[in-house]
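Trainee: I would like to go through this model with you, taking one site and then several helix contacts in turn.

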Amino acid sequence: MQRILLTMALAVGVCWVTTGHAAAPRGAQPAAQTAAKTAAKTGAQAGYLFEHVTLLDGIHAPQRDMTVAVAGERITTVTPSALAQGLPGQRIDGRGKYLIPGLMDVHIHLKGGFDVAGKVDAELGPPDREAGIGALASFLYAGVTTVYDAGNRAEHILPLRADERAGKILSPRIFATGNLITYPGSHGDSMAVRISDFEKDKALLDKHIAEQQPDILKLTLEEEGWGSRPMITLMPTDLLEKITRYYNQHGIRTTVHVSSELRALEAIYAGSDTLAHPVIQGPVSESFVKLMAAKKTPFASTLTIGENYSRLAEHPEYLDQPLYVASLTAAERDTLRNKTRAEWQARPWTWWMKIMTPIAQENVRKIHAAGGVVACGTDQTTGAATHRELELLVGAGIAPLDVIRIATYNSAVFLGKADQLGSVDTGKLADLVLLSRDPSADIANTTAIVLVMKNGRIIDESQLPLPGGRQKRRYPPG
């Protein structure tokens, strides 16, 4: 199955079909590709109708033979196709296809702001804007329509966020913290505003709020000293609580980097709205599972970042998968396959994380099974990694339909945007992905993409500046 490609006039740049009310008679249903090309060619203003499609969004039971109408940036109608009479819009035939909300990755660090070791330093020179734009394109290509950057060089991520919101670049929705906040010497302080005393340093917090306007504040609470890591300075919990409260009073949600049950508890009782990671240092206690179910504090899954090391060390062939080929340049894949792989094979951290990833998976599964709120995050920077996260969540023992909810509605809850995003409901923003195969039967089918819609606009895949170029799809058998 090929994706829908919209032919756009260069004179008007990236042009989209928007809202309108010109009714089209029901009758013969054109193919999805023909309908979308016609809409772009004629400049019709009638929006879109996904007809006779199966809806899967994780919060409703699967709904077959449904029609979804989109006008402007929003979903205007969700109804059984038998009741969809006289709705305006360019028709997209959904027979045998599956419509899900746009996927989300609520923990990334966008490429272009870091050196090859993932470090930020003033001596690195200007950030690589084009690398960032290419990474953002890889998310859209993979059906990821929303990302949250959980710490970066402000001069890199914030201009891209502004350009995304102004419609100047092809990108998923970008939410960002800009610089994170931490205690001097603590985790991530190379990309952080360093706060040691709340009253004395309040001006730095005010500057961060005023100048960077974080969508969600990221803080770190981590003494490390586990795996092959040295001990580092830990932020005092009373300082964490004061900063968290201060940002909440400015209308800003918070998330905290933690890795152990103890630090997760401290972050929750300091008032954090979310957690940036699952517990990975050891198995969670039953009392912690019950607490997460009771409080429903959302946390990002981030299984991929730990598994990524041993995966490259032992199975570099994954780099030949179409999403990775599209997301990375040939030179990047060659470096990973040879230089980086050899380095990671020699690192104790690689093999420690191989042991700990199944423990983290089981922790996530237990909290999900108890009713806790798992959201989808990778701690990486490509749409390919987001799909790997879905595979690892299923590998943890979570049903594919539940994983779709984790990557859509639950992730919207994490962001505080569940009233606008995350499900196929009337009035919500039209971020949608049309699939040719059933992802509730096999999560790998989330890569069987027919089209991606963000904000009511079908993405013109031919315009995506993918680092490796568009690839022929390899859909799972069946």
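Trainee: In which helix is D163 found?

Mentor: Please keep in mind that this is a predicted model. Within it, the helix that spans residues 154-165 holds D163. The name asked for is α3.

Trainee: Is D163 buried or exposed?

Mentor: The cut-off for burial is a relative accessible area under 20%. D163 has a relative accessibility of 15%, so the residue falls in the class buried.

Trainee: With which side chain does the side chain of D163 make a polar contact?

Mentor: Leaving aside residues up to four places away in sequence, D163 touches R129, K168 and I169. A polar contact between side chains, at 2.7 Å, joins D163 to one of these, namely R129.

Trainee: How are α7 and α11 oriented to each other?

Mentor: Helix α7 covers residues 286-295 and helix α11 covers residues 348-370. Their axes come within 8 Å and cross at roughly 50°. Angles from 65 to 115 degrees would count as roughly perpendicular and those under 35 as roughly parallel. The pair is therefore oblique.

Trainee: Which residues of α11 meet α7?

Mentor: The crossing of these two helices is right-handed. On the α7 side, the residues involved are E286, F288, V289, M292 and A293. By class, this contact has 6 nonpolar, no polar and 2 charged residues. The partners in α11 are K366, I367 and A370.

Trainee: How are α8 and α12 oriented to each other?

Mentor: Helix α8 (residues 304-314) and helix α12 (residues 383-395) have axes that come within 10 Å and cross at roughly 95°. Angles of 65 to 115 degrees belong to one class. The two helices are therefore roughly perpendicular.

Trainee: How many charged residues does the contact of α8 with α12 have?

Mentor: From α8, the contact draws on T304, E307 and R311, and from α12 on A385, R388, E389 and L392. By class, there are 2 nonpolar residues and 1 polar residue, and the number of charged residues is 4.

Trainee: What is the handedness of the crossing of α8 and α10?

Mentor: Helix α10 covers residues 330-345, and its axis comes within 9 Å of that of α8, with a crossing at roughly 115°. The crossing is left-handed.

Trainee: How many nonpolar residues does the contact of α8 with α10 have?

Mentor: N308, Y309, L312 and A313 of α8 meet L336, T340, R341, W344 and Q345 of α10. This contact has 3 polar residues and 1 charged residue, while its nonpolar residues number 5.

Definitions and conventions
Residues are numbered from 1 along each chain as its sequence is written. This is a predicted model: local features need pLDDT of at least 70, side-chain atom pairs count only at pLDDT 80 or more; totals for chains, interfaces and linings use all residues. Side-chain values use heavy atoms; hydrogens and water are left out. Axes are lines fitted to C-alpha atoms, for helices over the stretch in contact, and angles run from 0 to 180 degrees between N-to-C directions. Helices (H or I, at least four residues) and strands (E, at least two) are DSSP runs, numbered from the N terminus. Angles under 35 degrees count as roughly parallel, over 145 as roughly antiparallel, 65 to 115 as roughly perpendicular and the rest as oblique. A crossing is left-handed if the near helix is turned anticlockwise from the far one by less than a right angle, and right-handed if clockwise. Contact means heavy atoms within 4.5 Å. Ala, Val, Leu, Ile, Met, Phe, Trp, Tyr, Cys and Pro count as nonpolar, Asp, Glu, Lys and Arg as charged, and the others, Gly among them, as polar. Buried means under 20% relative accessible area, exposed over 50%, partly exposed in between (1.4 Å probe, protein chains only). A polar contact is a pair of N or O atoms within 3.5 Å; within protein, one must be able to donate a hydrogen and the other to accept it, and residues adjacent in sequence count only if both atoms are side-chain atoms.
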